[in-house]
Amino acid sequence: MQGGGGGSESGSMSTVSMEDNMVVSSEDSSCPDESELELGLGLSLGGFKMHQVSRGGHYARILTAKDFPSVISASSSPSSSSSSSSSSSSSSSSSLSRANVTAGTKRTADSVAAANSSSQVVGWPPIRAYRMNSMVNQAKNQATEGFNSTMENHKSETSTVEKGTTGISSYQNSGNAKLRKSLFVKVNMDGIPIGRKVDMNAHESYEKLAKTLEDMFLKTTPNVNPAGSRALELGMMNKLTRSSKLLDGSSDFVLTYEDKEGDWMLVGDVPWKMFLSSVKRLRIMRTSEATGLAPRLHERNCQRQRSKHI
Amino acid sequence: MHKKMAFSFPDEVLEHVFSFIQSDKDRNAVSMVCKSWYEIERWCRRKVFVGNCYAVSPRMVIRRFPEFRSIELKGKPHFADFNLVPDGWGGYVSPWIEEMAGAYPWLEEIRLKRMVVTDESLELIAKSFKNFKVLVLSSCEGFSTDGLAVIAASCKNLKELDLRDCEVDDLSAHWLSHFPETYTSLVSLNISCLGSDEVSFSALERLVGRCTNLKTLRLNRAVPLDKIANILRHAPQLVEFGTGTYTADVRPDVYSDLAGVFSSCKELKSLSGFWDVVPDYLPAIYPVCSKLTSLNLSYATIQSPDLIKLVSHCPNLQRLLVLDYIEDSGLEVLASSCKDLQELRVFPSDPFGAEPNVSLTEQGLVAVSLGCPKLQSVLYFCRRMSNEALVTIARNRPNFTRFRLCIIEPKTADYLTLEPLDVGFGAIVQYCKDLKRLSLSGLLTDRVFEYIGTYAKKLEMLSVAFAGDSDLGLHHVLSGCESLRKLEIRDCPFGDKALLANAAKLETMRSLWMSSCAVSFAACKLLGQKMPRLNVEVIDERGPPDSRPENCPVDKLYIYRSIAGPRFDMPPFVWTMDEDSGLRL
């Protein structure tokens, strides 16, 4: 609900301080304390001009370049480093700040190393899912093999991601970044009311997919508080930790999918790319319930070796 | 005291005056004048708007406004549209429906955006509100056609059923047949999001035929072209119409049928749909083009020459959504033909291709900004931009209220000078003094935020991605943008300092979203601890944030003001930072 008028300049302003001697001081102090330089936050100043904020003390003041020894000013040329965070921060004098910067760009560094010339960015460009699906469908309709070739174009060379739904956050400023189209399908697991979505295009094999799903559904997080969570019954989670492998038949659960014809099949029998073009949604099914699938699968693909789950 | 009361108006008079005040903002202002106005206003407020369903509890709303007839609720953050908010995050409408079902038998209208709606909730709506009239579900999910069937069967006074951009479980197309034969009150039906391959055409035709007040009908893609003529024949009074798939074998009889039926639709002002367009069938709509004010061709995969022909027939167009197939040349024609244009959205036909597939550049936008004096709202996807173009656009069109530019490749510099686009966007905020919404893209440093903080005083919503150099950027925005309500940021090097320094600002805003930035868990905890009226939620699928060092950045952060306290319906990957400065899951 909107309050009546959003006056931000209320009488009592709260500045949140990390420590007592914080760099961002309250309205009382108008000049920086020497000790403020030292604090644990660190300052990634990076030497471009900062402007002193003076707003009658309603907002805390950020220390400016004037307050600190001059640092090399950053050129804002686009050919600056590939890291997405402030390249200029590397010239900061404080090692702590570099640590902070590093912390912030940890994922950047990792993925730069891992992804080489291609990177994957979730949700960019910002086009809504229904619009993208509609475009995919139009491509499908236009050519029988068109979709497969489209898939080839869109899949990036190294589709390594940690999790299905969270892409690597970094972006390389090399101009070569390949924006990969996502193909989100729903995943439900027996016994868990809330489903998830996984980006099929972020995986290049059944193994990767299974790993993601295992992480999503089967891994217990140590501090899960059942009272606060609608999604998990703690008992279910404890049971699940016993089983870990979804694809090799050793767990209490099997991974199944619904294909375009509406049939439910065991995952793993067809080549990965063919699977991608026919999967509509996934279900992690109790093994006891999955017995019905086997005969039908056998009928349809009597030549395939079922034990060839990767 | 007594003297004062003698001079004040009787309640009924004030109520009557207030009844002319419809806008939510004005109503809120009225309620702040004095206690008695607050009391009178709350009893006569008929429409309630809740911009964030977690900012307030259903019970609080019902307690304050005992007699509202219409409610609008919004749930998930905007970036949920781009899959940045994991499934299961929240935004459930059922607690609201349950509370209202008991308290409000006379509720008439429910409008929801980005919320999770279940079939049970739809059933509860159908059963509880006897005079229910309007259901608008925008970008919602969680329900199926079974729930729609109950609505259809039970809501005798339903006037509007709008399912724009929803994700519906299509279990059966026969839900449409659940509208009883006696039901005739439909005014607006939007089922364009439905995917089912079988639509009961006969049920649809009968429904359309007996609802003589039908003004808006948006069909889904499954409705074939040759069925449209029959449907339109039953509803020549339509004002807004969305086709299904606009493709068929080219047959003269189908064509002339279609053209004939369009000619008889004298009231038609808005057209949409047009999936899979076959250009040969486009001229069928020429008879209505001269009256069209709104045209959504954003699914029409036709090339520039066909688009140009079409657009040239529509001199009264105010709103155009189109794919970048229109190209710069088409936009130039648009600029010369459609002088009433107010809103333009150009979507990319091949956003993931490495090379541009069409000749659409910044020039198209420049042309439109020059030729269309009433243009105020733009959403434009392109692959290159220059500061020069942006400055020109800003100078041409200072009346922009919404400017959303998406240069497809992140961090793309000015293609002429290779500089950042700071100056260009700076010009936008400087010249467009009434700018309410801005989306940035391209290579941007902290400087652009300095411009925004300095000039964008009316800005209410800002979207930022892959931009900035340091906390200073965020600080400029938070400290300078006085009207800011919603700020959403992804992949920017903004960390703790600016956030903590401007903590109080966050209470004046609806919400702040930051993902893939550099805000540490420690800062989140501190914020949650010190700001009891903010809900600070950390979304992290890697596991609990306290399993990592405190200075580690969180994956996603969503902060919003709330008088309802922290919520309890969070999934396991969302943690709320509260006053105990510990984790609440």
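# Briefing on chains A and B

Asp491(B) sits in the loop that runs between strand 19 and helix 20 of chain B. Helices (DSSP runs of H or I, at least four residues) and strands (runs of E, at least two) are numbered from the N terminus. This is a predicted model, in which local features need pLDDT of at least 70 and side-chain atom pairs count only at pLDDT 80 or more, while totals for chains, interfaces and linings use all residues. Residues are numbered from 1 along each chain as its sequence is written, chains are lettered from A and ligands numbered from 1 in the order in which they are written, and side-chain values use heavy atoms, leaving out hydrogens and water.

**Chain B as a whole**

- Chain B contains 22 helices and 24 strands.
- Its C-alpha atoms fill a box of roughly 70 × 65 × 60 Å along the principal axes.
- Of the 585 residues in chain B, 63% are buried. Buried means under 20% relative accessible area, exposed means over 50%, and partly exposed lies in between (1.4 Å probe, protein chains only).
- Among contacts in chain B with a separation of 6 or more, 71% join residues 24 or more positions apart. A contact means heavy atoms within 4.5 Å.
- The mean positions of the 68 positive and 74 negative charges of chain B are 7 Å apart. Lys and Arg count as positive and Asp and Glu as negative, without His and the chain ends; the charge is placed at NZ of Lys, CZ of Arg, CG of Asp or CD of Glu.

**Helix 19 of chain B**

- Helix 19 (residues 471–480) of chain B is largely enclosed by the rest of the structure, because 10 of its 10 residues are buried.
- Those buried residues include Asp471(B), His475(B), His476(B) and Gly480(B).
- The cover over them includes helix 18 (446–455), strand 19 (486–490) and helix 20 (496–501) of chain B.

**Gln237(B)**

- Gln237(B) belongs to the loop between helix 10 (225–234) and strand 10 (240–242) of chain B.
- It counts as buried because its relative accessibility is 18%.
- The side chain of Gln237(B) reaches the backbone oxygen of Thr212(B) at 3.3 Å, and that of Leu214(B) at 3.1 Å.
- Beyond neighbours within four places in sequence, Gln237(B) is in contact with residues including Cys211(B), Lys215(B) and Glu267(B).

**Val185(A)**

- Val185(A) is part of strand 1 (residues 184–189) of chain A, and it is buried, with a relative accessible area of 4%.
- Val185(A) and Glu258(A) are 73 residues apart in sequence, and their C-alpha atoms are 10 Å apart in space.
- Leaving aside neighbours within four places in sequence, the contacts of Val185(A) include Arg196(A), Val198(A), Val279(A) and Leu282(A).

**Backbone details**

- Most residues other than glycine have a negative phi, and most peptide bonds are trans.
- Phi of Ser139(B) is positive, near 55 degrees. Ser139(B) lies in the loop between strand 4 (134–138) and strand 5 (141–144) of chain B, and at 13% relative accessibility it counts as buried.
- Asp491(B) has a positive phi of about 55 degrees although it is not a glycine, and at 6% relative accessibility it counts as buried.
- The peptide bond from Trp124(A) to Pro125(A) is cis, with omega near -5 degrees. Pro125(A) is in the loop between helix 1 (95–115) and helix 2 (129–142) of chain A.

Conventions:
A polar contact is a pair of N or O atoms within 3.5 Å; within protein, one must be able to donate a hydrogen and the other to accept it, and residues adjacent in sequence count only if both atoms are side-chain atoms.
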